[in-house]
Amino acid sequence: MKLSGGDLLMRALKDEGVKFIFGYPGGAALHIYDSIFKQKACEHILVRHEQGATHAADGYSRATGKPGVALVTSGPGATNAITGLATAYMDSIPLVVISGQVQSHLIGTDSFQETDMIGISRPIVKHSFIVQNTQDIPRIIQEAFHIATTGRPGPVVIDIPKDKTDPSKLYEYKRAKEISLRSYQPRVLPHPGQIKKACKKILSAERPVIYAGGGVILGNAHKELIALNKILKAPVTNTLMGLGAYPAKDKYFMGMLGMHGTYQANMAMHNADLIIAIGARFDDRITNTPSMFAPDAKIVHIDVDPASISKIINADIPIVGQVKESLLALIKEIKRSKIKIDSEALDNWNMQISQWRAKHGLDHDLYLSKIKPSMIAPQVVVQELYHATQGNAFITSDVGQHQMFVAQYYHFNKPRRWINSGGLGTMGFGLPAAMGVKLAFPKQEVVCVTGEGSIQMCIQELSTCLQYNLPIKIININNEALGMVRQWQDMNYGGRHSASTYSDSLPDFVKLAQSYGHVGMKVTKQSQLKKTLDKAFAMKDRLVFIDVYVDPNEHVYPMLVSPNGSMKDMWIKKNTKA
Amino acid sequence: MKRIISILIENKPGALARVVGLFHQRGYNIETLNVGPVFDGSYSRMSVTTRGSENDVEQITKQINKIIDVIKVSDLTEGDHHEYEFIMIKFRQSEKIQKILKGLNGKIHEKNKDVMVMSAWGPSGDIEIAIKAIGKANLFEIARSGSIGLHEGEKVLKI
């Protein structure tokens with residue numbers, strides 16, 4: 001049977017196993033939308049802004065490990081998708097974003113709703129395609145999914161001029177058995193010689209640290225990471241993107257590292273004699289000043305992307321390969337090796353870390369404190385949330401203080417449960433991302449922890465949540481200010497709160513949630529917090545927006561001292577450096 | 001240090017822009033650029049000259065390699081190599097310019113009362129020296145191919 005371009009597209013998406021398309025129609029995409037109407041395999045989720053479509057597809061992907069799909073029209077539809085593409089690109093999330101384009105003969109003529117999507121998105125995509133022949137659509141879709149999901153994953157754009165989906169022009173559907181591109185062959189297996197060298201180094205280390213990032217989650221290698229450390233018994237830290245890659249409850253887990261990492265994790269990094277970096281990229285929120293980074297440490301760096309290795313910090317033993325395959329090879333080599341781990345040195349090292357933890361570690365029992373302050377501490381909100389959900393929820397977040405408080409105080413024991421924009425730091429990510437997660441896991445608890453700043457950047461998606469009955473829970477940590485901006489202004493700008501407050505003009509979030517057809521709740525006292533959370537989580541089939549007023553003067557600590565600081569230089573609390 | 005990076009890239013629309021854009025994105029400069037299809041025409045060979053430390057160039061080549069349309073990348077300056085540049089110059093009849101270009105395999109393409117067009121080629125260092133020596137007097141215009149090069153000996157950059 002011969003199919004139109006739009007039908008070829010839908011058939012190809014079906015054959016890729018796509019369940020959801022997040023999108024928004026418009027002129028250049030109308031042929032495609034007609035094809036969507038005629039099929040049942042993929043459900044289309046109509047968002048309220050294209051940014052929401054890309055974030056929802058992104059959240060779906062982060063939670064499931066499958067590629068997310070978004071569909072937008074040309075011009076403003078395409079440009080609105082840019083923030084979501086950049087967000088996915090920075091965190092290596094596999095997305096396929098399909099954009100309608102004006103008809104081929106109009107390209108380059110400044111026609112209505114024309115924009116050069118390929119050009120605009122070029123620096124923030126892994127790859128992009130423009131459809132020149134309708135019959136290429138199935139091949140392009142196959143290649144796009146292959147590229148998005150293999151190697152270091154990332155978003156791929158497919159730009160389709162309207163005439164290429166003309167319903168009157170029909171073509172045969174052909175699907176290749178496998179995809180092979182001569183110009184794209186990502187390395188899977190690590191070099192055995194490098195694995196041998198790494199093994200020797202690891203087994204003879206006295207103060208090793210495992211520094212594991214989002215690559216462990218993207219590469220589905222958390223089990224291998226746990227297996228490795230069953231043998232090594234080394235302290236482990238996760239990056240913001242890596243939380244959940246190693247279980248937070250494990251005794252060797254030190255918490256997150258970096259800018260707002262725990263005291264013990266940052267001290268361990270600084271004092272280590274060996275750092276085993278696994279699927280992490282030494283970004284500036286981790287290393288602080290690179291020239292002052294971990295002065296005594298040798299670096300073993302495992303990454304699927306050779307360009308991530310020795311980009312910021314020189315690796316002594318680089319290992320290019322999939323994280324899973326690399327860890328399996330490493331475990332095998334370690335088991336075979338005759339070198340004995342120096343367990344006395346390692347015990348001393350783990351003891352040292354316990355001492356650091358005891359000295360300046362985070363207090364995870366703030367919520368139990370008998371002395372109730374007049375205002376709720378935001379950390380307490382996260383601790384209560386953790387207990388209300390027994391640590392089992394999918395948590396999405398936006399960007400700022402609330403994001404850091406979740407990273408610090410919600411203990412993630414499983415991968416893909418913590419969904420946030422780490423690299424780009426995109427406010428507005430949390431709510432649409434939660435929609436994608438909830439669609440993938442309708443029976444699981446999905447919570448968006450946000451702030452009154454971030455939530456207003458994609459608040460319109462409350463309407464989408466009603467249309468598709470997505471009963472997520474939104475915890476709005478409301479400090480009536482752009483908290484992280486305010487914190488920096490407190491610390492570095494003499495407390496001059498330039499353009500970071502708006503307490504007189506905030507909406508009534510309870511009424512706002514209600515007007516979108518949802519349940520709104522407001523909490524101003526700590527004594528109401530637990531009760532309100534329990535009540536909200538008992539409402540299984542409703543979206544509940546919980547507006548929690550917190551202390552606006554609270555800061556996120558620890559905080560690395562910068563510029564010109566190393567990882568051991570931290571603010572531990574207000575006016576106190578470690 | 002000056003580097004010549006040779007790139008084999010799929011001959012597809014937009015492929016060149018991906019490479020050129022990457023230099024800007026990553027904060028590096030392109031000094032010269034040459035590109036043209038080779039063999040069956042399904043792919044092109046690019047030659048890009050840039051300046052940077054060994055670390056810079058390692059990072060550039062790794063990043064270029066990540067571009068999906070790029071098939072192979074090699075830093076020619078890492079080893080022994082041949083490297084040449086071709087130029088064309090239009091000038092007002094000048095013994096001086098003619099003499100300089102003659103020393104660089106110069107060839108006359110057009111010669112009349114007012115205007116003379118010549119081409120020349122040689123190692124890009126010599127070309128640079130020649131261009132400086134020519135100066136501005138009597139010079140109308142100048143076009144440069146940018147450096148192109150090949151590895152010495154048996155080493156080849158080929159699919």
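**Reading the terms in a predicted two-chain model**

Student: What share of the contacts in chain B with a separation of 6 or more comes from residues 24 or more positions apart?

Tutor: The share is 69%. A contact here requires C-beta atoms within 7 Å of each other. Keep in mind that this is a predicted model.

Student: What else describes chain B as a whole?

Tutor: Four helices and nine strands make up its secondary structure. Starting at the N terminus, their order is β-α-β-β-α-β-β-α-β-β-α-β-β. The C-alpha trace of chain B spans about 50 × 35 × 35 Å along its principal axes, and 30% of its 159 residues count as buried.

Student: Why is B:S147 called buried?

Tutor: The cut-off is 20 or more other C-beta atoms within 10 Å. B:S147 has 24 within that distance, so the residue is buried. B:S147 sits in the loop between β8 and β9 of chain B.

Student: Which residues are in contact with B:S147, leaving aside its neighbours within four places in sequence?

Tutor: They are B:I4, B:T32, B:S47, B:T49, B:E83, B:E85 and B:S124. As for B:K72, that residue is 75 residues from B:S147 in sequence and 18 Å from it in space, C-alpha to C-alpha.

Student: What makes β5(B) and β7(B) a pair of strands?

Tutor: Pairing needs at least two bridges. Strand β5 (residues 81-91) of chain B is joined to β7 (residues 116-122) of chain B by seven bridges, so the two count as paired, and they run antiparallel. Within this pair, B:M88 stands opposite B:S119.

Student: How many bridges does β5(B) form with β8(B), and how many with β9(B)?

Tutor: With β8 (residues 139-144) of chain B there are five, and with β9 (residues 148-151) of chain B there are four. Both pairings are antiparallel. B:F91 stands opposite B:L139 in β8(B), while B:H82 has B:L150 in β9(B) as its bridge partner.

Student: What holds paired strands together in general?

Tutor: Strands of a sheet pair through backbone hydrogen bonds, in either a parallel or an antiparallel sense.

Student: How many residues of each chain are in contact between chains A and B?

Tutor: 16 residues of chain B are in contact with 13 residues of chain A. On the side of chain B that touches chain A, at least two residues each come from α1 (15-25), α2 (54-66) and β4 (70-75) of chain B. The residues on that side are six nonpolar, five polar and five charged.

Student: Turning to chain A, how do you know that the buried residues of α2(A) line one face of the helix?

Tutor: The buried residues of helix α2 (residues 30-37) of chain A are A:H31, A:I32, A:S35 and A:I36. Viewed down the axis of α2(A), these buried residues fall within an arc of 150°, so they line one face. Their packing partners in chain A are α1 (5-15), β3 (43-46), β4 (68-72) and β5 (95-101).

Student: Why is β5(A) called mostly covered?

Tutor: Seven of its seven residues are buried. One side carries A:L95, A:V97, A:S99 and A:Q101, the other A:V96, A:I98 and A:G100, and both faces are covered.

Student: Which strands pair with β5(A) in the parallel sense?

Tutor: β4(A) does, over five bridges, with A:V97 of β5(A) as the bridge partner of A:A70. Strand β7 (residues 155-161) of chain A does as well, over seven bridges; there A:G100 is partnered by A:I160.

Student: Why is α16(A) described as largely enclosed by the rest of the structure?

Tutor: Nine of the nine residues of helix α16 (residues 401-409) of chain A are buried, so the helix is largely enclosed. Among them are A:F405 and A:Y409. The buried residues of α16(A) pack against several elements of chain A, including α15 (378-388), β17 (446-451) and α19 (483-492).

Student: What makes β11 and β14 of chain A edge strands?

Tutor: They belong to an open six-stranded sheet of chain A with parallel pairing, in the order β11-β10-β9-β12-β13-β14. β11 and β14 (317-320) each pair on one side only. From one strand to the next the twist averages 15°. Helix α8 (residues 192-203) of chain A packs on this sheet, and its direction makes about 135° with that of β14(A).

Note on methods: Residues are numbered from 1 along each chain as its sequence is written. Chains are lettered from A and ligands numbered from 1 in the order in which they are written. This is a predicted model: local features need pLDDT of at least 70, side-chain atom pairs count only at pLDDT 80 or more; totals for chains, interfaces and linings use all residues. A residue is buried if 20 or more other C-beta atoms lie within 10 Å of its own, exposed if 12 or fewer, and partly exposed in between; C-beta atoms are placed from the backbone. The arc is that of the directions from the helix axis to the C-beta atoms. Two residues are in contact if their C-beta atoms, placed from the backbone, lie within 7 Å. Ala, Val, Leu, Ile, Met, Phe, Trp, Tyr, Cys and Pro count as nonpolar, Asp, Glu, Lys and Arg as charged, and the others, Gly among them, as polar. Axes are lines fitted to C-alpha atoms, for helices over the stretch in contact, and angles run from 0 to 180 degrees between N-to-C directions.
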